[in-house]
Amino acid sequence: MKKWRNKLGIALLCVFLMAPQITAYADQDDEEDDVYSDEADEDEIADAVNRLSMYYKNLKLVNGEDLTEEQLKTLEKICNDARNYIAGTDDITSSQVSIHVTETKALMDSYLEKCLSERPQSTIDYLAVGNLYDSPVAKYGEGVVLILPILNLGEEDLTNVIVTPVISNSVKEWPFEISRTGYAEEIDVLPGSRTMEEAYANHREVRYALATRQDVLTGYYKLDFNVVYEREGKPEKAVLSTYIKAIGTSDSGKIDEDAEDKKTSTPRIIVTGFETEPAQVYAGSTFMLTIHVKNTSQRTAVSNVEFDLKAAEEGKDENTLYASFLPTSGSNTIYVPSIPCGGEKELQIEMTAKADLVQKPYAIDMTMKYEDDKYNPYENVTSLSVPVRQLSRIEYSTAEVLPESITVGGQANVVFSVYNTGKTTLYNVKVRFEDETVSGGDSFVGKLESGATGNVDAMLTGEAATMDDGMIKTVISYENDAGEVTEVETEIPLYVEEETVDELDYIPEELPQEEGSRLPVILGASAAVIVTIVSVIVFVMKRKKKKKAERELAEDLADLLQDTDKGKGE
């Protein structure tokens with residue numbers, strides 16, 4: 001009996017899991033001819049992201065109780081990675097979006113099947129409701145006795161069995177009046193069995209005397225019961241279900257009709273667009289997110305509308321996950337009393353982007369809960385994609401210039417380093433020198449990753465004498481991921497001088513001398529003095545780097561020459 005039930009359960013599970021994959025792969029084959037289709041627009045991307053979100057939520061709803069917390073996070077990460085890829089990939093085509101959605105669904109199905117196959121078997125697979133009584137009939141305003149016969153199809157005895165009905169105040173879920181504070185019933189021992197006949201012989205029952213509600217709907221209600229028990233001293237739990245037939249008043253309505261009406265007249269709320277202020281969102285900054293929504297139904301107004309925003313979680317591992325955007329007010333919920341037929345609303349919420357986000361688009365899931373004019377609840381999920389940018393920053397070292405002073409036509413070597421201190425990659429890093437007194441020196445550093453260093457080694461040639469303070473304008477330029485160019489200016493010291501003429505070249509090689517005269521001695525001494533003075537003048541000129549000082553020193557040289565001529569006359 002156990003083997004038969006196991007095989008049946010596995011077969012049903014495989015059919016359930018493979019159905020979306022078969023449909024997805026069929027869709028993929030139909031779309032392969034469109035691989036080279038046009039670029040996907042924003043509506044296609046948003047629809048794909050929304051479909052993946054809904055697919056994940058449906059998997060979680062159906063199988064969530066059978067998965068661990070870690071497995072649910074892994075399943076959610078598969079979905080989030082795919083959504084971020086679709087929303088953040090430039091020039092993605094419609095075919096690529098469709099194929100990626102199909103592959104992601106198949107990947108989630110495969111992971112879910114693996115998790116379910118590894119799930120340890122428990123007695124939950126062997127508990128059943130016995131087929132011993134006819135389905136009870138509950139008529140409005142009358143009492144009814146509900147009997148639940150429980151079979152243990154396993155061989156082990158179950159002890160301390162506690163059965164509790166799942167009660168709701170909604171007439172669509174629980175057709176009885178709530179007259180007690182607790183409905184738990186206890187069974188001391190539920191004996192194990194080797195055959196079906198033995199299981200029926202060993203069955204136990206719980207009974208509930210209930211009063212049917214006056215506003216009960218006509219139709220069949222599914223009633224769930226939570227069962228908690230011990231097997232070999234270890235606690236386990238299960239859920240058992242049964243059905244009852246309810247008869248309501250002539251104007252109370254039917255459960256099936258209500259579900260059909262709800263399905264055919266569902267009002268839809270869609271996002272027609274959104275923007276941020278400022279337009280570019282930088283990591284670590286605060287921005288205002290404005291979302292435009294519209295009630296597309298032309299027949300049904302919606303009310304009690306709740307918008308819940310949840311940003312994608314980021315982090316290196318499961319222990320460091322955090323929301324990429326956080327609301328500054330502390331609440332990520334926006335409430336709107338009502339939206340009329342075809343009406344639009346503008347939602348605003350101030351959010352802060354985490355400072356360590358990398359530069360890429362980030363998804364924000366928006367869950368919309370609302371009611372129609374008959375108070376029927378609805379829920380829908382959509383997603384937004386907000387690009388986040390990182391500020392690019394550079395720093396540079398003090399330039400080393402050798403020599404610090406050159407003549408026209410001479411050359412100087414400039415060496416310094418450029419540091420990328422931001423969290424983004426810098427592209428096409430260049431350095432140029434802008435001054436009329438020099439030429440050349442343009443340098444290409446190239447690409448700098450975050451935290452990297454680039455070195456500049458340039459040669460400058462003197463073109464004209466310096467007429468100012470001798471500071472050369474230096475421009476460092478680079479591009480970000482979007483190709484936008486940023487320039488940073490600094491200065492380096494470099495003085496360019498006119499080429500000097502050696503005054504000694506104009507002293508005659510031979511001078512007339514009188515016999516016995518002291519002229520050779522005087523000329524020799526004067527020449528030595530002149531050489532010393534010229535050396536001092538050149539040294540001072542290089543230190544001051546001022547044209548005015550140069551002219552004053554030239555005048556002093558002329559005075560010394562006049563004194564020498566007087567000495568010769570004497």
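Trainee: Which residues form the negative surface patch?

Mentor: Patches are made of residues with over 30% relative accessible area and no salt bridge, like charges being joined within 9 Å. A salt bridge is a side-chain nitrogen of Lys or Arg within 4 Å of a carboxyl oxygen of Asp or Glu. Here Glu-39, Asp-41, Glu-42, Asp-43, Glu-44, Asp-90 and Asp-91 form a negative surface patch. Keep in mind that this is a predicted model: local features need pLDDT of at least 70, side-chain atom pairs count only at pLDDT 80 or more, and totals for chains, interfaces and linings use all residues. Residues are numbered from 1 along each chain as its sequence is written, and side-chain values use heavy atoms, with hydrogens and water left out.

Trainee: Where is Asp-41 placed?

Mentor: Helices are DSSP runs of H or I with at least four residues, and strands are E runs of at least two. Asp-41 sits in the loop between helix H1 (2-31) and helix H2 (42-63).

Trainee: Is Ser-297 buried or exposed?

Mentor: Buried means under 20% relative accessible area, exposed over 50%, and partly exposed in between, using a 1.4 Å probe and protein chains only. Ser-297 is buried, because its relative accessible area is 12%. Asp-41, at 40%, is partly exposed.

Trainee: What does the side chain of Ser-297 reach?

Mentor: The backbone nitrogen of Thr-300, at 2.9 Å.

Trainee: With which side chain does Glu-497 make a polar contact?

Mentor: A polar contact is a pair of N or O atoms within 3.5 Å; within protein, one must be able to donate a hydrogen and the other to accept it, and residues adjacent in sequence count only if both atoms are side-chain atoms. The side chain of Glu-497 contacts that of Ser-405 at 3.2 Å.

Terms used: Patch = residues over 30% accessible without salt bridge, like charges linked within 9 Å, V, L, I, M, F, W, Y side chains within 5 Å. Areas by Shrake-Rupley, 256 points an atom, 1.4 Å probe, with all protein chains shown as cover. Lys, Arg positive; Asp, Glu negative; His and termini not counted. Charge placed at Lys NZ, Arg CZ, Asp CG, Glu CD.
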